[in-house]
Structure formats: structure tokens, C-alpha cells
Amino acid sequence: MIKCAKNSTMPNIFTIFAPEIQAPHMKRLFSLLFIFLACAIAYAQGGPSRPVKVQVEQKAVSGHDDLIDIIFTFAIDEGWHVYGPDNSGGPTPMTITMETLEGAQPSGALKLSPTPTRIEDPVFECEVTYVERSAKATQRLRLTGGAWKAVGYLRYGACNDEECMPPTNVEFGFKGERKAADSATDPSPASPQREELSPDKTGEQADIEQERTDATAQAQNVLPLEGGQGGGLWTPVVDELKAFDAASDTQSRSLWGIFFLGIIGGLIALLTPCVWPIIPMTVSFFLKRAKDDKQKGISDAILYGLSIVVIYVGLGLLVTLIWGPSSLNALSTNAIFNLFLFALLVVFAASFLGGFEMTLPSSWSTKMDEKASSTTGLLSIFFMALTLVVVSFSCTGPIIGLLLVDMVTSGSVVAPTIGMLGFALALAAPFTLFAMFPTWLKSAPKSGNWMNVIKVVLGLVELAFALKFLSVADLAYGWRLLDRETFLCLWILIFALMGFYLLGWIRLPHDEDEYDEEGNVVVRPKIGVTRFLSALCVLAFALYMVPGLWGAPCKAVSAFAPPMWTQDFNLNANTVEAVYTDYEEGMAAARKAGKPAMLDFTGFGCVNCRKMEAAVWPDAKVRQLMTEDYVLISLYVDDKTPLPENIKVTETDGSTSKLRTIGDKWSYLQRYKFGAQTQPFYVLVDHDARPMAGSYSYDENINQYIQWLQRGLEEFKTR
């Protein structure tokens, strides 16, 4: 529970403007607003756990004394999926490896339930299968002798629509004694005697450890081996990497950007026909209500504005609480959710364009008005604010919807609350200021056709953003309906039509007619300078996107358009490929060349790695920096090439694990040294493998990628 100190000395900013304001009412509103924000921030502290959890157990098959099932139970987070055992040529398939199998033999192949989903993947150009949410993988063994032992591991791959885990091993070790059925004492078949073993305590593993002594000695100065030995290029730098991420303050800038985006949305909402005309009527109501006490009129107006803030901040907090801290990131890449957002924004756009009027039931506003009239004090003011929210919904609803869509998919759990705070402050400010200075109302612009122009422009903007969410679903399902050139064609048309509308060449149903002195309708009414300049900017933006149809990067829209690999007709053949795919070899080459290194943790089955390589790396500036100023080292975490010998290493939590393949080695490097396990994952390091900037993951914003590369170079020059 959040409590406030009784003798708080925090200054009240509103006493500067209204010294006679009722203190208890103000304190209650501030406390409520503070609690809303504190709850949202506190709720955001619980980050998502590992996306896939696996439990392994052994079970006797009922009615068969010679059969044993080894069962792997998967719990998979929303938005993630684990690939099935029958994938080939694409993502990492699920496989089981028996390192030791005595007194038993496999009975059939590894089986996965429920039946995996089967789709045609356009990236790998092959059919893939996967399971979601929960699943079980079962390997049946047939016992051939008395005592039996099974030691090995299950390997699986998991991805969501944005990143992939490296291939992950689930170790197991079981042994037991097959008990013969005794019909004289027990007519039912006896279950085999079972004893579950820790993999580290099996005799087989002890033998393996003894056999790889030579390999361990060779890796002594490279890998962090069991017992804490090793180091050099493998020394963990997790804290240094976090320090760079904190210094860049990306999250703070992002939240400030969301806050100001909310303010812009609130200011736009003020200019709509549903809100702007309400300002003078509402202010006049409060002034008449306290005509004998001017200070009371001002204080009531301030409380009215604060009530609006509380309502909208409460809406933002409600969105956060509904979706939860671990779901917002998943929502941003969930195909079904993106289809819903697409449909929602299309409906909002149609409403703004004049297709229909989107209003809440009139009974709602009537009830709110009755509540405001029947109550007194702070409660009546709050219901007045709620009435404004309900009445103005037809104009503010689409704006709030667009803001919340952007905030929910931003990846920050406090974004909806912060954004709604900015929106509410901008919306409530005029009511308060006009009540404090009533003479300002005389100079305020009158409502008119210019408000409908704003609605139409907003409708076209919402239609353009709707295509972004359709694109996410299109890529996830592999429909290929909205390739990059198709997307750009639609955006070019939308913004060209916006420019034509601003010039007055196109008219929509809600546009008001203008008349000349003789009373005749003016076919081409005159437009103001502001509207003309706006049309010029919009048409220039539409022309800017035209070269993108032939493969131009179009950096201004790279964060919205589909990746470059979806474009069929592309004249830009520039590509970037790594010369080195071995960590130690690449670092030695970087030291010899006197250049910093860029580590690219990737995978053959990583879809988003391919997107970055196709959409970001071919950019001329990016290509120049990566090829001329860095030594690029690509480390494939799903490379199945076996190591000469298995190597036992120490994890950051003190546990041990075995590295069997080259992919295992690079996956271990990523999580042990850098504290990460998803791909793509990029790190800029010096010759001692110390980071020179924060890490970079999947983000097709080319400008940000260039700035990140340049920060690394600047840091390298100072060392």
C-alpha cells in the first residue's frame, strides 16, 4: 500500500495560481494521481521470465513391464513457439540424443503432442512445424535386460516473431531395474524400479569427463571451465554492457517521447469539432457557478482539469494492468493482435473520413449529466469531467486509440500511463487557463470547416498506420500480400491524396460549401498559406517514397515498411557478409588490423537476423562502417558442427553444462560473457573484447543503427 507523509513539505504548484484552492480536494486528487503512476511503475518491475520452461520425467507404460517413457513437458510463453522434430533445412528441429543407453533401446521416434501446427515458411522456403503454449515430447524405450540406464539430452529451438533463443539442451539421466512379474503374489505386471539421477552424478558422465582431459587442457585459456578456470576473451562483461545501456538512457528518452506524443495528441483533440466548441460553454458554466467568488470559479476549473487528467491516466493504467508487464512486448509481434489493431484503425479512419459518426450511447452522457447535477463538491466536478470524456468520444476516441496502439506496442509497460498523462494535460489545460483568464476566449478562433480538415488528415494518417500492423501479420503468416513495394505504393497514394485534399482538389461528405458574394457555391475555394505549405510537405513526402519502389532505402519509413527481402524488384544488390565465423580467429584479425570488432550473434534459423541483414546492412552508410571500420564476426548459435571433444563449462549461476557443437560454444559465449540469449544480438568490442557501446537487437531503424556504430568508433578512439 502507498502512503503519503502527513507533514509533507512538497510545494503545491497550483497554489501559485489559486492560493485559495480547497486543500483537501487538491490533496485527494494529487494522491490519487500519484498512486496511479506509482502502481504502474511498480507493476512494471516484474520482467518476463525465460520464454520456455521444460520439465523431464520418466514413467512406466501402464500394462507393459518392458516399456518406459521419457517425457519432456514444455511451458511456452505467449507469442513464442517451439519447433517440431520433423523440420529440415529451416529452424532448429527438436531432437533427442542418447549418450548412454544400457539395457534398453528406443521404441519408435520422438513424438510431440498436441499435433504441431504446419505452415509454409516463406523465408526458408520450406514447411515447418511448431507448438505453442504447452506441449509434451515423449521418447519410448523398450527394456531389454534387468538393469537399465539412459543418459542424454533433448535439443530444441524456440522463436517469437522478433527474436529466437539459441538451440537449447535439456539434460537427463535415469536408471532403474526391470522387475519381473510374479503371478503368484501379484497378478498385475510390475513397474520397473526407477531412480532419477542428476546428470552430473552418473557414472557415464564421469567417464566422459575423464576421456576429454586433453580437450579441457587445450581450452584452459579460452573457455571458463568447470571450477572457474579460464578467462581472456571470455571474461564476463555483463555489468559494463548494462552501464553503456544505462548511459544511453534510451528508455528515458523513449518515455519522454511517448509523453510528448501524448501532448501532441491532446492538442490535436482540442482542435476537433467535438471538443473545441465545448471549451467556452464549460468555462462560462464554471464562472457563472461562482460569479460572486472569482477565486472559487478558478479553483473549480482547476479541479475540473485535474479530474480530466485522473480519468485519462486511469485509462492508461487500466491498459497496463490488463495486458501485464510480460505481455506488452509479445503483443507487438503477435499476428492476431496486429490484425485486430489493423481493423480497429481502419474503423477509426473511416469515422474521421466521414463514413459514419462513432458515438457512445446517449444514455451514458445523460446519466453522467444527471450525476453531475445531483451531486455537490468535488464529486460533481468529477462527473462533469466524465461527461466531457463521453460526449467528445466521437473525436477523441480514434486519437486515443491510435496513441494507445503505439504505446502498447512500444515495449514499455508504463508507456500507456505516461502517454495518457501527456494527452490529458494538453486536453485539460485550455479549460483551466480560459477559466483563469476569461478574456482570452474572445481571441480564440471560432469553430468551422478547418476542424473537419484536421479530422480528414487524421483519418488518412490512421489508415497509413493501419497498414503497418497488417504488415506484421502478413509477415508472420507468410501471405506475401503486403510486400515492400505494395506497402510503399499504398503509402504514396495515401499521402498524395492527403496533399490533393489539402489543396482543395478533393472534397468529402462533411466538407462545408463556401459561397461567393452572389450566393453561388465556390467549386475551388481559396486556401490559406498554412494549408498550402502543409500540402507541399505532404506531397514532397509522397515523392520521397517513390524511389523505394526500386530498392532505395527510404530511411524515413524504414521502421514502418516491410523488410527489403520482401521486395521482388530490387536494383540495390549491395550486401554485407562476415569474413570470420570463429570468435578467436576474428578477434585476432581485428587486433592485427587495428580495428574494433562487431560480434553478430545470429543463427541459420533466425528469421529476424535475415531481416536486419536485408533491410539495414545494405544501407550505404551502414555498409561503409561495417566493412571499412569494423571486423565483422558472425557467430551462428545453431551451427551443428560437433566440437572435437565435449567441454564442460561453468554457467554464471555456478551450475555446469556441456558444449557439444560449435553452436553450443557461441551460444554459451553470448549468455556467459554478455548475459543475453536471443538473436539477433550485436555487440561492438575492442581488442580485449570489452564493449564500447550498448548492445543492439532487432530494430530496422537505420538511423539508430548508424548512430550506434558511430558511438562504438568514438569510444574505440578514446581507448
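1. A nonpolar core is a set of buried Ala, Val, Leu, Ile, Met, Phe, Trp, Tyr and Cys residues joined through side-chain atoms within 4.5 Å, where buried means under 20% relative accessible area (exposed is over 50%, partly exposed in between; 1.4 Å probe, protein chains only). In the largest such core, which holds 28 residues, the members that touch the most others are Tyr304, Ile308, Val309, Tyr312, Phe423, Leu427 and Phe431. At least two residues of this core come from each of helix 5 (250-270), helix 7 (294-323), helix 11 (377-391) and helix 13 (415-436). Helix 13 gives the most, with nine residues. Helices (H or I, at least four residues) and strands (E, at least two) are DSSP runs numbered from the N terminus.

2. On the basis of the note: the model is predicted, with pLDDT of at least 70 needed for local features and 80 or more for side-chain atom pairs, while totals for chains, interfaces and linings use all residues. Residues are numbered from 1 along each chain as its sequence is written, and side-chain values use heavy atoms, with hydrogens and water left out.

3. Rings of Phe, Tyr and Trp (its six-membered ring) pair if their centres lie within 6.5 Å; planes under 30 degrees apart count as stacked, over 60 as edge-to-face and the rest as tilted. The count by this rule is 21 aromatic pairs. Among them, Phe601 and Phe681 form a tilted pair, because their ring centres are 6.1 Å apart and their planes stand at 50 degrees. This pair links distant parts of the chain, 80 residues apart: Phe601 belongs to strand 14 (residues 597-602) and Phe681 to strand 18 (residues 681-685). Phe601 is buried at 0% relative accessible area, and Phe681 is buried at 6%.

4. Tyr682 and Tyr705 pair edge-to-face, because their ring centres lie 5.9 Å apart with the planes at 85 degrees. Tyr682 is in strand 18 and Tyr705 in helix 22 (residues 702-718), so the pair ties together parts 23 residues apart in sequence. Tyr682 is buried, with 0% relative accessible area; Tyr705 also counts as buried, at 0%.

5. One aromatic cluster is formed by Phe487, Trp491, Phe495, Phe541 and Tyr544.

6. Arg531 lies over the face of Tyr501, 5.7 Å from the ring centre. The criterion for a charge over a ring is NZ of Lys or CZ of Arg within 6 Å of the ring centre and within 35 degrees of the ring normal.
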